[in-house]
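Student: I'm new to this one, so could we look at how some of its helices pack together?
Tutor: Of course, let's bring it up and go through it piece by piece.

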Amino acid sequence: MTLDLTVRGTLILPEGPLQNAWLGIEGGKIVSIGTGIAPEAAESFDAGSDLVIPGVIDGQTHATSYGGLPGIRSTTRSAIAGGVTTIVDMPYDNPAPLNTVARLEDKVAAIREHAHTNVALYGTIMPGQSTADIEPLIENGVVAFKISTFESSPTRFPRIASEQILATFNALAETTIPLGVHNEDQEIVRAYIAAAKAAGRDGIAAHSESRPPAAELAATAQFLELGAAAGAHAHIVHLTTARGFQLVDNYLADGFRATGELCVHYLWFDPDRDGAELGAKMKVNPPIRPGQIDALWEEIEAGRVAFVSSDHSSWPIDNKFTPSIFDAGAGVPGLETLLPAFYTAAAGRGLDAAAITVEQLCERPAKFFGLWPEKGALRIGADADLAILSHERQIWDSSKAHDELNWSPFDGREFTVTVARTYLGGRLAWNGREIVNEPGSGDYVRRGQFHWFE
């Protein structure tokens with residue numbers, strides 16, 4: 001039998017790297033793995049000594065927060081150029097969030113029209129919404145739910161009160177579906193921002209101070225306790241301190257379903273070191289905090305980080321040009337930088353960068369969102385979603401990015417690897433110079449049977 005495709009290189013397999021090895025691909029699936037002479041195929045690619053890894057699963061993106069559902073096109077174009085083959089998109093769409101089956105159907109239609117990658121979806125609930133609306137969303141494939149304890153927008157990103165959080169946990173308790181949270185205490189943050197303004201404090205350092213770790217940890221602890229009371233899976237979508245991950249681990253040790261996620265910008269930037277250069281370009285919520293990078297890497301190495309994501313935001317740079325840091329938009333683009341930034345930082349710490357990259361960016365998010373074993377590993381039977389990483393160094397230049405945003409806090413930073421190719425379902429999507437698949441090449445990915453706590 002002639003295969004559709006063979007890809008040769010250094011394969012990063014679950015059991016370790018295999019040099020000068022090949023993948024055999026047929027019908028969009030990996031059907032064989034070996035060394036020596038590869039099977040006959042209609043097409044073959046030899047990556048030499050470059051690394052062949054599973055396509056990245058970015059577990060936290062905001063594709064539609066600015067441009068609405070058509071924003072999926074530019075976001076996934078950027079993703080595929082960054083070696084990301086599946087994005088897990090947050091539900092806070094513009095102008096209305098994904099909280100009903102009708103809105104889910106609209107978003108799925110947009111995915112099938114616009115997406116260059118596969119897309120899995122979070123759902124949400126609105127204040128006062130019935131928990132009866134949760135089950136139909138699960139039946140239609142959402143991989144998780146997310147709510148917020150801080151209100152960024154009353155219509156699109158509202159605060160959910162504690163009693164409704166508990167009711168939602170109760171509704172999810174008998175399912176495998178996680179409930180994620182944007183974890184900041186609203187009263188603390190608003191009081192601290194008012195105090196900073198009254199004192200005339202401004203700038204990126206004042207941003208971090210105005211949303212202190214206490215606000216993040218208080219919201220985290222309450223959310224974890226509500227999840228424990230219901231026996232449901234409580235997930236913190238971004239923790240910025242080691243203390244946060246240790247809180248989660250305490251609940252896990254007590255037998256509760258609890259997880260915490262880390263975003264790659266918390267591993268790269270420090271307001272004390274980078275704030276003068278970047279200012280609002282590094283503003284995210286919860287804030288990037290001073291002096292945390294080493295401690296956060298220790299949490300990864302200790303196994304207390306569920307997975308690492310980009311928290312990609314689709315806001316244009318004009319959103320950052322405000323007189324005060326408190327008025328600037330929060331969030332940064334990150335889909336083309338997630339993979340090279342994480343790999344580079346891991347290598348810089350002397351870690352096995354290839355192994356930990358596949359673990360944190362591929363395997364763990366695949367398992368978390370129920371996409372395993374079809375996604376997240378190079379194994380027979382898995383989807384042929386691949387990224388090829390060359391050891392060609394690059395200086396990041398966002399003017400050449402594919403997201404229509406063309407700005408990044410990573411501008412001028414050196415990465416030790418470059419995404420040389422991306423395959424989606426065994427078909428070439430990015431050739432290292434241009435995107436060669438079409439909008440609509442990706443599809444909606446429903447949650448499967450695998451669960452993090454099985």
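Student: How do α11 and α12 cross?
Tutor: In this predicted model, the axes of helix α11 (residues 338–348) and helix α12 (residues 353–368) come within 9 Å and cross at roughly 135 degrees. The two helices are therefore oblique to each other, and α11 passes α12 in a right-handed crossing.

Student: Which residues make the contact?
Tutor: From α11 there are L338, L339, F342, Y343, A346 and A347, while α12 brings A353, A354, I356, T357, Q360 and L361. Sorted by class, that contact has 10 nonpolar, 2 polar and no charged residues.

Student: What else does F342 touch, beyond its neighbours in sequence?
Tutor: Leaving aside neighbours within four places in sequence, F342 is in contact with I356, T357, Q360 and L361, and also with V264, L267, W268, W297, I300, V308 and T337. F342 also belongs to the largest nonpolar core, which has 107 residues, and is among those that touch the most other members, along with F169, F223, L262, W297, I300 and V308. Apart from that core lies another, of 17 residues, including I57, A144, A366 and V445.

Student: Switching topic, at what angle do α7 and α8 cross?
Tutor: The axes of α7 (residues 213–230) and α8 (residues 242–253) cross at roughly 15 degrees and come within 10 Å, which makes α7 roughly parallel to α8. The crossing of α7 past α8 is right-handed.

Student: And which residues meet there?
Tutor: L217, T220, A221, L224, E225 and A228 in α7 meet R243, G244, L247, V248 and Y251 in α8, a contact with 7 nonpolar, 2 polar and 2 charged residues.

Methods. Residues are numbered from 1 along each chain as its sequence is written. This is a predicted model: local features need pLDDT of at least 70, side-chain atom pairs count only at pLDDT 80 or more; totals for chains, interfaces and linings use all residues. Side-chain values use heavy atoms; hydrogens and water are left out. Axes are lines fitted to C-alpha atoms, for helices over the stretch in contact, and angles run from 0 to 180 degrees between N-to-C directions. Helices (H or I, at least four residues) and strands (E, at least two) are DSSP runs, numbered from the N terminus. Angles under 35 degrees count as roughly parallel, over 145 as roughly antiparallel, 65 to 115 as roughly perpendicular and the rest as oblique. A crossing is left-handed if the near helix is turned anticlockwise from the far one by less than a right angle, and right-handed if clockwise. Contact means heavy atoms within 4.5 Å. Ala, Val, Leu, Ile, Met, Phe, Trp, Tyr, Cys and Pro count as nonpolar, Asp, Glu, Lys and Arg as charged, and the others, Gly among them, as polar. A nonpolar core is a set of buried Ala, Val, Leu, Ile, Met, Phe, Trp, Tyr and Cys residues joined through side-chain atoms within 4.5 Å. Buried means under 20% relative accessible area, exposed over 50%, partly exposed in between (1.4 Å probe, protein chains only).
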